[in-house]
Amino acid sequence: MNSFDLDRFDRAILNVLSEDGRISIADLARRIGLSKTPTQTRLRRLEAEGIITGYRALVDPIRLGLDHVAFVEVKLDDTREAALAKFNAAVARLPEIEQAHMMASHFDYLLKVRTRSMTDYRAVLGEKISSLPHVASTSTYVAMQAVKEDGALGPL
């Protein structure tokens, strides 16, 4: 199923769930304008086809003391497929890396790294990120404030 196969009810389900993943089926059905059974059938189909990949609690990292956010540009010394796969696998194992994106830019990856402090970040950069496979260089940008970070879907 591609995005063109989603009708207005499927899109409505995704919009509501991106705001409230704990909503009951009855309330979801009421919000999208269908009865409970077809809503549940659509929800199961969206899950089975991998459009909905899971549910989780959104945790406030600031309240947990994880208020240092850095964005790290990474340049690799090798961008052949095997090197990229090795780098990707290693990045996936580092819990401090919240997001990792391969870029079409003058650098190869942009990482979002969250730690408790600058001291912790320096240790993560020096001991973990810099030793990832094929890292040639990094540049760090420290975020002062998150202006928007809700994770909700844009318009479907």
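Angles under 35 degrees count as roughly parallel, over 145 as roughly antiparallel, 65 to 115 as roughly perpendicular and the rest as oblique.

The structure is a predicted model, in which local features need pLDDT of at least 70 and side-chain atom pairs count only at pLDDT 80 or more, while totals for chains, interfaces and linings use all residues. Residues are numbered from 1 along each chain as its sequence is written, and side-chain values use heavy atoms, with hydrogens and water left out.

Helices (H or I, at least four residues) and strands (E, at least two) are DSSP runs, numbered from the N terminus. For the angles, axes are lines fitted to C-alpha atoms, for helices over the stretch in contact, and the angles run from 0 to 180 degrees between N-to-C directions.

Let us start with H1 and helix H3 (residues 36-48). Their axes are 10 Å apart and the helices pack at an angle of about 75°. H1 and H3 are therefore roughly perpendicular to each other. On the H1 side, Phe9, Asp10, Ile13, Leu14 and Leu17 meet Thr39, Arg42, Leu43, Arg45 and Leu46 of H3; contact here means heavy atoms within 4.5 Å. Sorted by class, the residues of this contact of H1 with H3 are 6 nonpolar, 1 polar and 3 charged. For these classes, Ala, Val, Leu, Ile, Met, Phe, Trp, Tyr, Cys and Pro count as nonpolar, Asp, Glu, Lys and Arg as charged, and the others, Gly among them, as polar.

Next come H1 and helix H2 (residues 25-32), whose axes come within 10 Å and cross at roughly 125°. That angle makes H1 oblique to H2. Phe9, Ala12, Ile13, Val16, Leu17 and Glu19 of H1 make the contact with Leu28, Arg31 and Ile32 of H2. The contact of H1 with H2 has 7 nonpolar, no polar and 2 charged residues.

The remaining pair to visit is H2 and H3, which pack at an angle of about 100° with their axes 9 Å apart. This makes H2 roughly perpendicular to H3. Ile25, Leu28, Ala29 and Ile32 of H2 are in contact with Lys36, Thr39, Gln40 and Leu43 of H3. By class, there are 5 nonpolar, 2 polar and 1 charged residues in the contact of H2 with H3.

## Side chains that reach for arginine

Which side chain does aspartate 10 contact? Aspartate 10 lies in helix H1 (residues 8-19), and its side chain makes a polar contact with the side chain of arginine 42. A polar contact is a pair of N or O atoms within 3.5 Å; within protein, one must be able to donate a hydrogen and the other to accept it, and residues adjacent in sequence count only if both atoms are side-chain atoms. Aspartate 7, found in the segment before H1, is also joined to arginine 42 through their side chains. Here are the polar contacts between side chains:

| Side chain | Partner side chain | Polar contact |
|---|---|---|
| Aspartate 10 | Arginine 42 | 2.9 Å |
| Aspartate 7 | Arginine 42 | 2.9 Å |
| Arginine 114 | Glutamate 98 | 2.4 Å |

Are these residues buried or exposed? Buried means under 20% relative accessible area, exposed over 50%, and partly exposed in between (1.4 Å probe, protein chains only). Aspartate 10 counts as buried because its relative accessibility is 1%, whereas aspartate 7, at 29%, is partly exposed. Aspartate 7 and leucine 156 are 149 residues apart in sequence, yet 9.9 Å apart in space, C-alpha to C-alpha.

Arginine 114 lies in strand E3 (residues 109-115) and counts as buried at 8% relative accessibility. Leaving aside neighbours within four places in sequence, arginine 114 is in contact with several residues, including Pro61, Ile62, Leu66, Glu96 and Glu149.

Asparagine 15 is found in helix H1 and is partly exposed at 28% relative accessibility. Not counting residues up to four places away in sequence, asparagine 15 touches Leu153, Gly154 and Leu156.

Serine 139 has its place in strand E4 and is partly exposed, at 31% relative accessibility. With residues up to four places away in sequence left out, serine 139 touches Phe71, Val72 and Glu73.

Finally, look at the loop between helix H5 (118-129) and strand E4 (135-143), where histidine 134 is found. Most residues other than glycine have a negative phi. Phi of histidine 134 is near 70°, a positive value in a residue other than glycine. Histidine 134 counts as partly exposed, at 25% relative accessibility.
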